[in-house]
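Me: I've got a protein model open and I'd like to work through it with some questions. Can you take me through it step by step?

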Amino acid sequence: MSTITNPNPAQTPAAQIQTSERLDDEPQIVEAAPETQPTDSHELANADHEEKGAAQIDHGQTEVRDLGWNESPEEVPNPVQMYHVKALPEPPLGGLDLNIADEEEFSPDKLRANIERLYMTVIVGLVNFWKHIARLRSWRERNRTLAFLGVYTVAWATDFLVPTIIAFLMVLIVYPPARTYCFPPAPIALIDSKTGGVKKPNAGVLGSDNSLTGAPEKHQGEAVEQEASNFVNSFTSIAISSAAGKHPQGDPHGEEEGASSIEDRAPDPTNLAMGAADAKEKSAGRQPNAIHDKTKEPMSAAMWSKTRPVMHIIADISDGWERFANALSPTAPFPKEKPRIKLAAVLAPVLLISTFTSSYMFMKMNGFFIGFGFFADPLIWRGLSYLNREFPHWQKLLEIRNTLLKGVPTNAQLTITLLRIGEANKAPLPPPPYSGPPPPNAAHETAGQDLEHLDPEGISDTEMASAIHPDDTAVSTGADKPKKMPGRRIIGALKSATKGGVETLLGTDRLKAAAGAENAKNRLGVLRSGPLPPSGPVDFPSRYRGEKGHAYITTTATSPALSWTTEKEDVDPVWSVAIQDIAEIKKVGGLGWKTKLVVGWATEREVTDGIVVVDREGNVKQLTAVSLREELFNRLVSMGLQMWEAW
């Protein structure tokens, strides 16, 4: 409460008392305390930034502004997306929410998503780094290689090599233009990792700069996402092939097509994971018996028990890589200079120590630490036991996300901050663009530009153009012709029969739903037919307990809420949940994963998924057949002041 002072010091004490009594009887005007934001992400979303995007421009509307939720894909901005979350009771240590929970549940789909993210961040980054090294070692960019050689030679000759390398890293961290000057960028797919020279991309055309194949893309990052998906698919295919025992030595003699009608018509067993290993054993004349095989269940249990830690390690590696990338090259609205200065400041003491440390002292210290780690195990364990007893969460306090990279976001945390900016300005971000038809087999508009530094004396314009553009004069070979699908008639008949069975089973759900079966009600309307109805950013067509209706997000009321009603014109919703009371949001499938595979293969129709919302009192509301389910999820997680944790 603000303190009221005496405006006239010349007043007598009695007059001051009377004035004080009058003031006590009158209402006092007190300034409203500023609303506190639980995390740095919430604070940045509600701050007034100098650099503003389309969502931050004042649109003068009381309701939300439509930034293109139902426009054509070409007119929709870049995509932003996320997953399943729970609200945290206390602010996170690192100042940013949406960290991965330690108890995150394992699922094969999550593992696949984490491996794809590992490919897009770590693997692509390491390949790009190695190709920069290959360019330097190739001497094709002679002046740059000479400069590196000269500095390295002088530093080595004067025993100043380590301080020189550390100082060079500090310059690269603090001054971003030094990165492009010392390491001029080039399309990853255009560089040969062995020779460091220019080669034709594996896709046959330079349609993207940031992918390993150079495949064409219609939207930024689309090609590398497809590479990540195919990377996991190829790895899975190799694993299944190993389980099935697929190898040339097991085939009959003669590789020509048509050598065996049965072999030609039989489906490829590598497409069937179920029972592949057992089938291999039986084909070899052995009868696999789980009763006598005492290793099967223990090994299977051991492998599955390690899946969650492995998935968590993969996610932590990707998170760390993204944080370092966002610290070196921050994205608005996050601060640009502070993370780089912190990283460089950590290297400053190392630079100082290395300046006065001889190679002899360095080797002696290494020997000491190796010996201490090898022989001081009892002492180390006693120290760890003391820390665990006196400071139970000391490991969390020392995590790099809570110390050196505190306040630096992962891509998911950056995404939710951008979503919160849109919600704070009543302009929610629209859904991601749909790729639609494949992009043309042509180089992108800026392909080949600003690449004069790549072997300027050895590559002609004709050679560069040949590497960048597709070869239209190439003679088509048998590999270009569509191959006959083995057993296509059998598969077609099976697909037709399966489609009929699926439609019959889904048709009986209406009868079961009418009889009161909740599971049948949740399956009604999951197979979408026809184009997507107009949805968002306020109205989301969906079902509740099998009944058609609309989910609404209202922001004009005193308390923003999620409501569901059967009719658009109905002002009385069936139920309503305040946004601030939501404790958990989870995406759920319209069908089980095995059923979804069968239905998708047999009917070739999209399965519309659902969403589950749990409030603080534990009440569960499940919406099914939700149009734009991902975008409804994005709006719900970014509207309130909840601090989320990813599960």
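Predicted model: local features only at pLDDT ≥ 70, side-chain atom pairs only at ≥ 80, totals over all residues.

Me: Is Glu630 buried, partly exposed or exposed?

Reply: The relative accessible area of Glu630 is 23%. Buried would need a value under 20%, and exposed one over 50%. So Glu630 comes out as partly exposed.

Me: How many residues apart in sequence are the parts that Arg635 and Glu423 tie together?

Reply: The side chains of Arg635 and Glu423 meet in a salt bridge at 2.8 Å, N to O. Arg635 sits in helix H21 and Glu423 in helix H16, so the pair ties together parts whose separation in sequence is 212 residues.

Me: What is the relative accessible area of Arg420?

Reply: Arg420 forms a salt bridge with Asp97, at 2.7 Å from N to O. This one links distant parts of the chain: Arg420 is in helix H16, while Asp97 is in the loop between strand S1 and strand S2. Asp97 counts as buried at 1% relative accessibility. Arg420 is buried too, and its relative accessible area is 3%.

Me: Are the rings of Phe148 and Phe183 stacked, edge-to-face or tilted?

Reply: Stacked needs planes under 30 degrees apart, and edge-to-face needs over 60. The centres of the Phe148 and Phe183 rings are 5.7 Å apart and their planes are at 55°, so the pair is tilted.

Me: Which strands are at the edges of the open sheet of four strands?

Reply: The order in this sheet is S3-S4-S5-S6, with antiparallel pairing. Each edge strand pairs on one side only, and these strands are S3 and S6.

Me: Which helix lies across S3, S4 and S5?

Reply: Inside the sheet, five bridges join strand S4 to strand S5, and Ala551 stands opposite Trp564 in S5. The helix in question covers residues 629-639 and runs at about 35° to S4. That is helix H21.

Note on methods. Residues numbered from 1 in each chain as written. Heavy atoms only, no water. Pairing = 2+ DSSP bridges. Helix = DSSP H or I, 4+ residues; strand = E, 2+ residues; numbered from the N terminus. Contact = heavy atoms within 4.5 Å. Axes fitted to C-alpha atoms, helices over the stretch in contact; angles between N-to-C directions. Phe/Tyr/Trp six-rings, centres within 6.5 Å; stacked < 30°, edge-to-face > 60°. Salt bridge = Lys/Arg side-chain N within 4 Å of Asp/Glu carboxyl O. Buried < 20%, exposed > 50% of the residue type's maximum accessible area, 1.4 Å probe, protein only.
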